[in-house]
Amino acid sequence: MSKTPFDHLVKQFSLLPGLGPRSAKRIALHMLTKGRGSMIDLAQTLRNTADQMKICSKCGNLDMIDVCAICASPKRDTKTLCIIANIGDLWAIERTHSYQGVYHVLGGVLSVIDGVTPDNLNLSDLEMRLEDEEIEEIILALSATVDGQTTAHYVTDLIHRRHNQINISRLAHGMPVGGELDYLDDGTIMTAFKSRRAI
Amino acid sequence: MENWTDQGIVLHVLPHGEGAAVLKLFTETRGLHAGYVHGAHSASKRPLLEIGNLLHGDWHAKIDDQLGTYKLELEQQFAAMIMEDRQKMAALKALTSLLSESLPEREAHPDLYHTTLALLTIMAFGADEIAAWGAAYVKWEIALLRELGFSLDLTRCAGGGSAQELGYISPKTGCAVSYSAGEPYKDKLLPLPAFLKPNGGPEDEEEIVKGLHMTGAFLEKWAFAQHTKGVPEARRDFSIIISQN
């Protein structure tokens with residue numbers, strides 16, 4: 001039996017993260033019965049987004065221009081580079097307005113289980129940037145997980161091998177703002193003690 | 001309904017679907033035991049499911065043969081205490097992958113479980129220098145080999161020499177050999193680290209590298225000889241990282 005456009009639509013929706021075939025069918029049905037007009041708008045928006053959004057060839061960020069607004073901005077401190085795993089992490093840091101340097105998106109973290117090796121990460125571009133740009137400090141903003149820290153150790157080695165003069169730091173691990181000591185786990189308390197600083 | 005509770009060390013977490021995972025725990029009374037974890041990617045469960053963590057597991061299934069489901073609580077977050085140091089992290093990954101890939105499932109190894117727990121405690125709470133925990137790691141690998149049926153004899157000389165001057169170990173038999181008895185074959189024998197000799201010795205970096213080379217050879221030749229993938233990559237990486245320093 002040949003598949004209808006509706007079946008194709010359900011299949012496309014079910015490929016999205018967080019959606020299974022049932023929810024995909026529900027969304028497709030809702031669009032067809034109650035929001036048919038908005039389907040054309042959605043299709044047009046999807047096309048525009050696909051056409052206009054670009055991956056920055058320098059840092060790996062998403063923007064409408066290549067290179068992205070952050071890399072092109074003269075207000076940014078180009079001597080400080082923050083290495084992050086994903087674009088979502090970049091947006092999280094940008095929300096805080098606390099960092100004025102530039103970024104480099106790796107595109108994931110090393111993981112044996114997920115089959116992510118150094119070849120799958122955006123490391124060759126990082127090496128090229130270190131050769132071409134005058135970077136004085138690198139901040140490793142990778143997650144406090146075994147995979148995140150394995151990646152941090154790997155990247156640190158990679159940088160130190162050729163660029164010994166670059167200062168490398170990582171984000172602090174420890175007490176969250178609003179966290180009560182009594183409710184924190186042992187590992188967090190211990191790393192907070194290790195990372196304590198004088199006041 | 002089958003049900004048991006026990007403490008266990010997280011060895012392997014395999015993501016399943018979008019929100020769940022299959023977890024391999026190394027428990028005292030059940031050995032290596034897998035189970036399904038619902039909501040493994042939730043903010044509350046994600047920190048638990050890091051390799052090396054000690055968890056309190058409540059496993060239940062309709063029948064014993066099933067994969068079953070785990071309910072978990074954190075006992076000790078070893079991973080967080082170890083992950084900042086590169087060498088310790090490499091050792092943790094080697095340890096968990098060796099256990100996960102060499103032990104049979106659902107077979108208790110209480111001695112090895114307690115040895116593993118002791119090693120994790122040393123690594124988590126001790127100093128970062130390899131001299132503080134490297135010898136304990138080598139001894140743990142010897143314990144793993146013993147548990148798998150490949151015991152090393154480090155108490156006497158296989159060549160009839162003195163037990164007080166042991167210097168080598170035979171890669172064929174796993175028996176120690178004295179300096180004098182091993183002299184003609186020293187190119188074929190493995191050097192015995194000083195801290196494994198009957199009268200002890202320094203636990204410095206050089207001796208630890210010797211120890212890792214020795215246990216690595218036996219893991220490859222004995223324990224993982226029949227495995228298609230051979231010795232886990234994490235164990236090879238650990239040797240390289242230690243040798244580089």
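**Side-chain pairings**

Analyst: Glu131(A) is partly exposed at a relative accessible area of 46%, and Arg162(A) is exposed at 59%. Here buried stands for under 20% relative accessible area, exposed for over 50%, and partly exposed for values in between, with a 1.4 Å probe and protein chains only. The model is predicted: local features need pLDDT of at least 70 and side-chain atom pairs count only at pLDDT 80 or more, while totals for chains, interfaces and linings use all residues, and side-chain values rest on heavy atoms, with hydrogens and water left out. Residues are numbered from 1 along each chain as its sequence is written, and chains are lettered from A and ligands numbered from 1 in the order in which they are written.

Glu131(A) and Arg162(A) are joined by a salt bridge, at 3.4 Å from N to O. Glu131(A) belongs to helix α6 (residues 123-132) and Arg162(A) to helix α7 (residues 146-162) of chain A, so this pair ties together parts 31 residues apart in sequence. Helices (H or I, at least four residues) and strands (E, at least two) are DSSP runs numbered from the N terminus. The term salt bridge requires a side-chain nitrogen of Lys or Arg within 4 Å of a carboxyl oxygen of Asp or Glu; over all chains, there are 13.

Another salt bridge, at 2.6 Å from N to O, is formed by Arg76(A) and Glu94(A). It links distant parts of the chain, 18 residues apart: Arg76(A) is in the loop between α4 (69-72) and β3 (77-84) of chain A, and Glu94(A) is in helix α5 (residues 87-96) of that chain. Arg76(A) is buried at 13% relative accessibility, whereas Glu94(A), at 22%, is partly exposed. Arg129(A) and Glu133(A) also form a salt bridge, with 3.2 Å between the closest N and O atoms, and both of these residues are buried.

For the cysteines, the search of the whole structure returns zero disulfides over all chains, a disulfide being a pair of cysteine sulfur atoms within 2.5 Å. Cys82(A) has its nearest cysteine sulfur, in Cys59(A), 11 Å away, and is buried at a relative accessible area of 3%. In chain B, the sulfur of Cys157(B) lies 9.3 Å from the closest cysteine sulfur, that of Cys175(B), which is too far for a bond. Cys157(B) is buried as well, at 8% relative accessibility.

Rings of Phe, Tyr and Trp (its six-membered ring) pair if their centres lie within 6.5 Å; planes under 30 degrees apart are stacked, over 60 edge-to-face, and the rest tilted. Tyr137(B) and Trp140(B) make a tilted pair, 5.7 Å centre to centre with 40 degrees between the planes. These two residues are three apart in helix α4 (residues 130-147) of chain B, about one turn of the helix. Tyr137(B) is buried at 0% relative accessibility, and Trp140(B) is buried at 0% too. The ring centres of Tyr168(B) and Tyr179(B) are 5.6 Å apart with planes at 70 degrees, so this pair is edge-to-face. Tyr168(B) is in strand β6 (residues 166-169) and Tyr179(B) in helix α5 (residues 179-182) of chain B, so parts 11 residues apart in sequence are tied together. Tyr168(B) is buried at 11%, and Tyr179(B) is partly exposed at 40%. Ring pairs also link Trp133(B), Tyr137(B), Trp140(B) and Phe238(B) into a cluster.
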